[in-house]
Number of protein chains: 2
Amino acid sequence: MGKEKVAIIGSGNWGSAIASIAGKNASRQPELFDDSRIPMWVFEEEVNGRKLTEIINETKINEKYLPGITLPANIYATSDLDEAVHDATAFIFVLPHQFLGKVIEQMKGKVAPGAKGITLIKGVDVTADEIRIFADIIQKELGIRCSALSGANIADEGKFDRFTVAAEKFSETTIGYRKKEDGEMWKKLFETDAFRVQIVEDVAGVSLCGALKNIVAVAAGFMDGLEWGDNAKAAIMRIGLLEMKQFCLEFFDDVKAETFLQESAGIADLITSCKPAKLLVKVAFVKAGKSFEDLEKELLNGQKLQGVHTVSFFEYRKWPSVKLIPCVLRKAKDVHGFLKAKNRVEGYPLFAAVYECAFKGRDIKTITKHLD
Amino acid sequence: MGKEKVAIIGSGNWGSAIASIAGKNASRQPELFDDSRIPMWVFEEEVNGRKLTEIINETKINEKYLPGITLPANIYATSDLDEAVHDATAFIFVLPHQFLGKVIEQMKGKVAPGAKGITLIKGVDVTADEIRIFADIIQKELGIRCSALSGANIADEGKFDRFTVAAEKFSETTIGYRKKEDGEMWKKLFETDAFRVQIVEDVAGVSLCGALKNIVAVAAGFMDGLEWGDNAKAAIMRIGLLEMKQFCLEFFDDVKAETFLQESAGIADLITSCKPAKLLVKVAFVKAGKSFEDLEKELLNGQKLQGVHTVSFFEYRKWPSVKLIPCVLRKAKDVHGFLKAKNRVEGYPLFAAVYECAFKGRDIKTITKHLD
């Protein structure tokens with residue numbers, strides 16, 4: 001077996017953090033990884049009048065997305081995707097999901113035979129009656145075996161604890177693999193004393209955890225808004241976790257219940273996602289008594305959200321995250337559409353309640369009705 | 001089958017809350033329960049110059065332990081244990097664990113044949129190399145089949161969300177039974193629209209969850225004190241949950257992993273127990289850098305805790321709970337002693353770390369070392 005040549009496709013907050021870890025680990029294990037030069041593909045943009053790639057390559061700091069953290073010397077930024085892809089055998093996909101299709105198109109036919117991939121992209125691709133995980137899309141389109149990484153290691157929003165991983169405070173993640181040798185290789189590339197990796201033979205489970213938890217987090221936010229207390233919120237999280245698990249066992253092959261119940265990608269990520277700070281807009285939504293459509297309109301128009309002043313028990317400085325919440329709520333809508341197409345809405349009473357409260361004017365106080 | 005005659009042994013915050021629920025449910029189901037008069041045994045004390053039993057029986061309010069909540073008409077308070085026990089077939093044990101031995105002694109020989117029990121007492125009885133659950137003690141000493149109830153339904157401290165259950169906000173609990181008919185009977189007595197009951201054939205698991213979670217909550221409190229962020233804390237909770245599960249599977253028969261991973265008594269109760277408000281003193285402990293022995297001495301002497309002023313991000317009004325924390329930390333010591341006697345300390349690295357940080361001067365920053 002030759003050494004793995006790593007390429008990082010993406011350079012946002014999470015991409016830069018994982019580049020920092022992977023770069024150092026490659027250097028520590030030169031028998032496993034070609035550590036001379038690890039490309040990090042950057043969607044070029046100007047920052048203070050300079051190109052972001054130039055800033056990163058000169059200062060070794062991604063000033064825009066991970067300020068304050070010096071990347072290892074072997075990481076270099078390039079805006080040329082072909083250059084990043086050339087020769088690489090181990091691709092880390094860590095970019096906003098809306099860019100994935102275009103990147104895949106450009107990579108087609110240029111990927112070395114036998115290369116492997118791993119996706120750190122949160123979410124899933126939902127159409128009317130189909131849910132596809134990104135690892136499957138990458139695997140099918142590029143013909144490379146693709147793993148998935150998810151866990152309580154960085155906020156979706158990439159805002160609140162953006163330094164946690166990069167600064168090497170303790171956290172965990174889960175890698176779902178198809179072949180154990182892949183899981184072990186990625187673990188060697190990513191694990192540090194402070195960033196612990198568990199591997200499980202469950203790509204779909206790991207991928208779906210990160211998507212479905214958002215629906216449960218909305219419900220948990222409703223609980224905060226109602227001020228029904230810790231016990232009600234914990235109950236909702238428990239019920240939600242079981243619906244997540246049931247959903248995946250029902251609609252996906254080879255999913256393991258343990259991924260949801262025992263792994264960082266499951267229960268631990270759900271716990272961090274339901275922290276009040278991350279639920280601010282969901283709470284505001286309850287307090288303001290608005291429909292999601294109105295809320296979205298206001299947000300899209302850059303208007304200040306009405307009713308926020310009533311949410312006095314949260315910290316206002318975290319408010320910027322609101323712009324990301326519509327996509328979280330949209331997940332509830334997508335999954336509802338999927339369940340409707342499968343005629344299985346009634347099997348998931350919490351998912352249904354979140355959808356109906358957000359989009360159909362159902363009274364949020366009724367959210368606990370019909371739950372088992 | 002005759003109707004069940006319920007007796008409530010205990011009348012504190014939790015006892016009064018459950019009396020309220022059981023009294024109403026007995027009235028709703030007269031075909032199942034003799035609802036004419038449900039005794040609630042009260043350890044007599046004076047409140048504002050009057051006997052507590054008199055206050056409860058006249059006002060239907062337990063002024064001392066559950067003010068503001070009117071108990072149903074069929075609940076009556078008595079300080080005469082023999083009177084409470086007489087004729088009853090369904091005993092609810094809900095009293096501080098230190099009184100249980102004496103109550104059992106007095107009940108011996110007076111319990112109707114075929115009677116059943118359920119314990120709501122938190123904790124376990126730990127001696128040098130033995131851990132006994134209260135349901136087993138009751139069952140053995142009184143010869144009645146005993147279930148156990150535990151869940152994210154009320155704080156151990158009985159302080160922060162004391163009204164949650166009684167005021168009928170949404171919460172859940174888990175009943176572990178030995179015979180399904182027992183579980184079903186207790187569920188009928190306790191479940192309401194807002195207070196949901198799941199039943200599992202696992203008395204030991206339900207009982208042990210409530211005891212072992214305290215060790216994990218201490219570790220979570222350390223994380224808050226270190227300010228390592230949400231991800232580190234979620235990781236510790238996840239790892240702790242798995243150690244709880246492993247501990248019970250290793251040392252107890254017929255325990256089910258699902259009780260820990262899926263039930264209110266397990267994961268949901270752990271989540272509420274790790275809320276920052278409940279971890280205040282553990283955080284203060286970290287900040288002050290004191291040994292637990294010193295901390296305990298100060299608390300027992302009624303002194304103000306040093307170093308508290310550094311914990312600026314928590315609410316001071318919740319401070320009264322500190323007096324209960326030594327018993328939480330003592331749990332870590334007891335379990336450590338048990339594991340040592342079994343020569344299995346190294347199998348539980350998080351439990352060991354909590355013990356060593358609390359009692360042996362180990363640096364709390366090393367708590368994540370040697371964890372899997």
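A residue is called buried when its relative accessible area is under 20%, exposed when it is over 50%, and partly exposed in between, with a 1.4 Å probe and protein chains only. The structure is a predicted model, in which local features need pLDDT of at least 70 and side-chain atom pairs count only at pLDDT 80 or more, while totals for chains, interfaces and linings use all residues. Residues are numbered from 1 along each chain as its sequence is written, chains are lettered from A and ligands numbered from 1 in the order in which they are written, and side-chain values use heavy atoms, with hydrogens and water left out.

The two chains were compared by least-squares superposition on the C-alpha atoms of residues with pLDDT of at least 70 in both. Chain B is superposed on chain A by a rotation of 180° with 0.0 Å of shift along the axis, and the RMSD is 0.0 Å. This is the relation of a two-fold axis. Both copies use the same surface, since 100% of the contact residues of chain B recur in chain A; contact means heavy atoms within 4.5 Å. Within chain B, the residue that comes closest to the rotation axis is B:Leu261, at 2.9 Å (C-alpha).

Aromatic pairs were searched for over all chains, and 22 were found. Rings of Phe, Tyr and Trp (its six-membered ring) pair if their centres lie within 6.5 Å; planes under 30 degrees apart count as stacked, over 60 as edge-to-face and the rest as tilted. A:Phe247 and A:Phe338 form a tilted pair, with 5.6 Å from centre to centre and 55° between the planes. Because A:Phe247 lies in helix α9 (residues 230-251) of chain A and A:Phe338 in helix α14 (residues 325-341) of chain A, the pair ties together parts that are 91 residues apart in sequence. Helices (H or I, at least four residues) and strands (E, at least two) are DSSP runs, numbered from the N terminus. A:Phe247 is buried, at 0% relative accessibility, and A:Phe338 is buried at 4%. In chain B, the rings of B:Phe247 and B:Phe338 have centres 5.7 Å apart and planes at 55°, so this pair is tilted. B:Phe247 has 0% relative accessibility and therefore counts as buried. A:Phe247 and A:Phe338 also belong to one aromatic cluster with A:Phe251, A:Tyr348 and A:Phe351.

A charge sits over a ring if NZ of Lys or CZ of Arg is within 6 Å of the ring centre and within 35 degrees of the ring normal. The charged end of A:Arg37 sits over the ring of A:Tyr76, 3.8 Å from its centre. B:Arg37 lies over the face of B:Tyr76, at 3.8 Å from the ring centre.

Helix α2 (residues 52-59) of chain B has buried residues at B:Leu52, B:Thr53, B:Ile55 and B:Ile56. These residues cover an arc of only 165° around the axis, so they lie on the same side of α2(B); the arc is that of the directions from the helix axis to the C-beta atoms. The buried residues of α2(B) pack against β2 (38-41), β3 (46-47), β4 (50-51) and β5 (75-78) of chain B.

In strand β6 (residues 90-93) of chain B, B:Ala90 and B:Ile92 point one way and B:Phe91 and B:Phe93 the other way, and all are buried. Two strands pair if DSSP finds at least two bridges between them. Strand β1 (residues 6-9) of chain B runs parallel to β6(B) and is joined to β6(B) by 4 bridges, with B:Val6 opposite B:Ala90.
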